[in-house]
Amino acid sequence: MSGKVRVGIIGLGSWGECHLEAFHALPHAEVVAVCDTRADRLKHAEAEYGVRHCYTDYEQLLEREDIDLVSVVTFEKMHLEPTVKALRSGKHVLVEKPVSTRKSEALEMRKVAGEYGRYVLPGHLLRFDPRYADMKRAINAGEIGQPVSMYMKRSRENKLFATYRRTHTVYELTIHDIDLAIWYAGSRVKSVRAHGRSVTNSDVPEVLWACLEFENGTLAHLHSNWMTPDKAGIAIADQIEVIGSKGTAHFETSNSGLQIWNGSGRTTPDTNIHIKTMHKQTAGSLREQLIYICDCLNRGIAPDYISFEDAIHGVEVADAIVQSADAGKEIVIG
Ligand SMILES: NC(=O)c1ccc[n+]([C@@H]2O[C@H](COP(=O)([O-])OP(=O)(O)OC[C@H]3O[C@@H](n4cnc5c(N)ncnc54)[C@H](O)[C@@H]3O)[C@@H](O)[C@H]2O)c1
């Protein structure tokens, strides 16, 4: 393949639109077709981005032979079917996080990708955030030694819980940190002990703690929550500290550097994940991830900076976290 990567997007909700914006702005990509069951989303894609082929049935999108890569950006629990059907139709797939909420489904995706000789790539975009990426570089370069203790916090605005309570917090938020923790530790997780709390008697916890012990002895404490008050105006309040045998790396994001003060108060927007700029480009780790994938496909090299093996193990760890929080005991991963 060379030239532009021809893209299809399945699922045009809030994050699917970010995929559309980011791909649309890339010189190395062309969004050929999009699909959503909601016709209003398709009208928007056509009017705003000039997408010419819009479908409410993704099987019709997959019948097209002029698509190289499909982004699957549907609901968290609905990634399996579009992913395996896209692979079987000869497309590479970028499947959003969580790749699945079941390990068996993630294994099925890997199997079908192998059978059809296509890539299935997990949407773990924090590996493309220069700060998280540079921590990994520092670990690999021996600058802080082998990680001994890791603390990772992910806080989101309370209003988002109304939507994302449809999935357990571990698959929605903590899964990002599970992927980073596996990447940094360079080891499999041996056991987990987790606690969840809901302040609204919800089925899923607004506050989740998980302590991970890796096979190589590394410890990680992951803390995810939907408790940032909406009026605080802080889109993302994340934190990470990696203590190694020779040094420490850390950063904190609640002050992204940009603050907007006006009559409604103060907002601190995120500028690192995905923003649309006034000159019709985008910036952030989503863009970096898409550039990397398109570049690999164009050059015919394996996009192995992101690891589906790690993503499968991540789902396994997430499953164990749910079990541990529910059962109130440590879960050993076999
Ligand atoms: N990587 C990140 O940082 C990040 C950020 C946000 C969301 N996400 C992930 O992206 C995925 C989507 O999240 P969202 O916030 O956009 O959700 P959303 O509810 O806003 O959008 C999901 C869309 O999928 C569509 N859809 C569902 N089933 C479909 C089907 N069979 N065919 C076609 N369209 C279908 C829905 O109509 C909806 O428009 C989730 O897995 C979520 O975890 C990732």
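Predicted model: local features only at pLDDT ≥ 70, side-chain atom pairs only at ≥ 80, totals over all residues.
**Helix α8**

Helix α8 covers residues 169-185, which makes 17 residues. From its first C-alpha to its last it reaches 22 Å. That is close to the 24 Å expected at 1.5 Å a residue. The helix has a kink of about 55°, centred on Ile175. α8 is mostly covered, with 17 of its 17 residues buried. Gly186 follows the helix, and its phi is positive, near 65°.

**The cavity**

How many cavities of 30 Å³ or more are there? The count comes to one. The largest cavity holds about 100 Å³ of space. Its lining is made of 16 residues. Nearest the centre lie Arg131, Ile236, Asp238, Thr253 and Asp270. Two elements, α6 (130-140) and β11 (236-244), each supply at least two residues of the lining. By class, the lining has six nonpolar, five polar and five charged residues.

**Salt bridges**

Side chains of opposite charge can pair when their charged atoms come close. In this model the count comes to 25 salt bridges. Three of them are set out here.

| Pair | N to O distance |
|---|---|
| Glu76 and Arg166 | 2.8 Å |
| Arg88 and Glu108 | 3.8 Å |
| Lys97 and Glu172 | 3.2 Å |

Start with Glu76 and Arg166, whose side chains meet in a salt bridge. This pair links distant parts of the chain, 90 residues apart. Glu76 sits in the loop between β4 (69-72) and α4 (80-88). Arg166 sits in the loop between α7 (161-164) and α8. Is Glu76 buried or exposed? Glu76 has 7% relative accessibility, so it counts as buried. Arg166 has 34%, so it counts as partly exposed.

Next come Arg88 and Glu108, which also form a salt bridge. Arg88 lies in helix α4 and Glu108 in helix α5 (residues 103-116), so the pair ties together parts that are 20 residues apart in sequence. Arg88 counts as partly exposed at 41% relative accessibility. Glu108 is partly exposed too, at 26%. Both residues belong to a network of salt bridges that links Arg88, Glu108, Lys111 and Glu115.

Lys97 forms a salt bridge with Glu172. Lys97 is in the loop between β5 (92-95) and α5, while Glu172 is in helix α8, 75 residues apart. Lys97 counts as buried because its relative accessibility is 13%, under the 20% cut-off. Glu172, at 7%, also counts as buried.

Key: Residues numbered from 1 in each chain as written. Heavy atoms only, no water. Helix = DSSP H or I, 4+ residues; strand = E, 2+ residues; numbered from the N terminus. Expected span 1.5 Å × (residues − 1). Bend = angle between axes of the 7 residues up to and from the residue. Buried < 20%, exposed > 50% of the residue type's maximum accessible area, 1.4 Å probe, protein only. 1 Å grid on protein atoms, 1.4 Å probe; cavity = no way out; pocket = protein on both sides within 12 Å on 5 of 7 lines; lining within 4 Å. Points joined across faces, edges and corners; volume = space filled by probe spheres on them. Nonpolar A, V, L, I, M, F, W, Y, C, P; charged D, E, K, R; others polar. Salt bridge = Lys/Arg side-chain N within 4 Å of Asp/Glu carboxyl O.
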